[in-house]
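I would ask everyone to look at the model on the screen before we discuss its strands and its charged pairs.

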Amino acid sequence: MRTLTRTTTEERRRLPLSTADVAIRADEGASAGGERFNGYAAVFNSRTAIGNPLRWGFYEEIAPGAFTKTLSEGDARMLIDHDSYYVVSRVSAGTLTLAEDARGLAVDSALDEGLSYVTDLKANVRNGNITGMSFGFYVMKDQWSTESIDTSEGPAEVEVRRILEARLIEVSAVTFPAYEETEAELASVASALVSRGDQAAIEKRARFRPELRDLLQLVDAGASGDGITPVGQAAAGEGDARTALAAEERGALAVHSTDTSDAAWDGPANSGDLPQTESALRAAHAWVDPDGDAAAKSSYRFIHHFVDMDGNVGAASTAACTTGIGVLNGARGGTTIPDEDRESVYKHLARHLKDAGLKAPELKSLTSEPGESTRESSTPEADAAPAAPEPAETTRSETDARALRMKGLAARYGLPMARS
């Protein structure tokens, strides 16, 4: 168990209406029958799943007293949906009162009907359009521990993050009170892992959500703390831990969601840019030979992720995924992977197509004669590469591909870009 004090990007957490206890109540101190907004932006000692704790996320809880320091020193605002244009109240203006009680962070805000959106807020709370509360914060101190929980498949190890001190930025009435495995949670996981600074914890989760590596590098590039090791490079002392984690999964690699791209695909070019490291190879492919060398490209099949010139694994190629499914169905000679792995590889590739809003081709049953849909030889580049690759100029431009990738991620996830 370690306690850290490193600040990174702003994080946000949300509570549903039933937990936030949001209500519009009469302002007993107002002579003209005014009203106030009441609720809870955070609840103490309440465990929440951030992402999928069994794969790429963790459980989180807020310790009593986590806001004590920031409430005495800060000047938080109340907003609507985290939008700074819709300022409802402010501590220094005397219109917002925030306090810790036995339950959590209590919010008591004045409602100025001279602001049109405040009138809208009152109506939206009453008719159920506003369904919870949220708060934006920086973690100043947190504590990580590992616990065993019971699942339908038996005991499993999960990590728990306990926030000991947070610097509060704002509280918000929100339209969407919770997220499940979405970009917002992914950014939250990335911010927490950067603050933690544990490369093994990063790699463990990136097995299921490889795009975390890009987000982690992006967040850290804009911070002044310790660096996050790029994909394909092991942090000092972490090589053995990474190998042990990766060795747990062979054959078809786990289904995950990532960014997707319909840009021109060149399998051999992307494979050539891929570092000869297990973490990078696993992030870019859909299958690894159970009996092969996990650090050798020849052990992998169905490459389908773009790789930039620095060796970073990026978005999944919709063209490569479609081609890979064709190979599973016997196109271009078929594949040599075991029959029992076909469906799992198909689900891996089909998930990327679903994320891109595309319907995946159906997986055909194996009804052909022996040898008809197998190949005498196979290379990792050939499995998912088109028969006639696009010219090289369609896969690389003069603009630094990695810089463009990071810029896009920054805009998409609301994370900072590196300082120049």
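Predicted model: local features only at pLDDT ≥ 70, side-chain atom pairs only at ≥ 80, totals over all residues.

Let me begin with strand β4, in which eight of the nine residues are buried, so the strand is largely enclosed by the rest of the structure. By buried I mean under 20% relative accessible area, with exposed meaning over 50% and partly exposed lying in between, using a 1.4 Å probe and protein chains only. Helices (H or I, at least four residues) and strands (E, at least two) are DSSP runs, numbered from the N terminus.

Residues are numbered from 1 along each chain as its sequence is written, and side-chain values use heavy atoms, with hydrogens and water left out.

What does β4 pair with? Strand β3, residues 23–26, runs antiparallel to β4 and is joined to it by four bridges; two strands count as paired if DSSP finds at least two bridges between them. Within that pairing, isoleucine 24 has phenylalanine 37 of β4 as its bridge partner. Strand β10, residues 104–110, also pairs with β4 in the antiparallel sense, over seven bridges. There, glycine 104 in β10 stands opposite valine 43.

I turn now to the charged pairs. A salt bridge here is a side-chain nitrogen of Lys or Arg within 4 Å of a carboxyl oxygen of Asp or Glu, and by this rule the model has 18 salt bridges. One of them joins glutamate 35 to lysine 122, with the closest N and O atoms 2.7 Å apart. Because glutamate 35 lies in β4 (residues 35–43) and lysine 122 in helix α3 (residues 116–126), the pair ties together parts that are 87 residues apart in sequence. Lysine 122 is buried, at a relative accessible area of 6%.

Another salt bridge is formed by the side chains of arginine 205 and glutamate 159, at 2.5 Å from N to O. This pair links distant parts of the chain, 46 residues apart: arginine 205 belongs to helix α5 (residues 199–206) and glutamate 159 to strand β12 (residues 154–174). Are these two residues, arginine 205 and glutamate 159, buried or exposed? Both arginine 205 and glutamate 159 are buried.

The next pair lies within one helix. Glutamate 343 and lysine 347 form a salt bridge whose closest N and O atoms are 3.7 Å apart. These residues are four positions apart in helix α11 (residues 339–355), and so are separated by about one helical turn. Glutamate 343 is partly exposed at 46% relative accessible area, and lysine 347 is partly exposed at 45%. Elsewhere, Arg13, Glu60, Asp142 and Arg161 are linked in a network of salt bridges.

One loop also deserves mention. Aspartate 308 lies between β17 (305–307) and β18 (313–317) and counts as buried at 9% relative accessibility. The side chain of aspartate 308 reaches the backbone nitrogen of asparagine 312 at 2.9 Å.

Finally, the chain as a whole. The protein chain has 13 helices and 18 strands, and buried residues make up 49% of its 420 residues. Of the contacts (heavy atoms within 4.5 Å) with a separation of 6 or more, 70% are between residues 24 or more positions apart.

Terms used: Polar contact = N/O pair within 3.5 Å; in protein donor to acceptor, adjacent residues only side chain to side chain.
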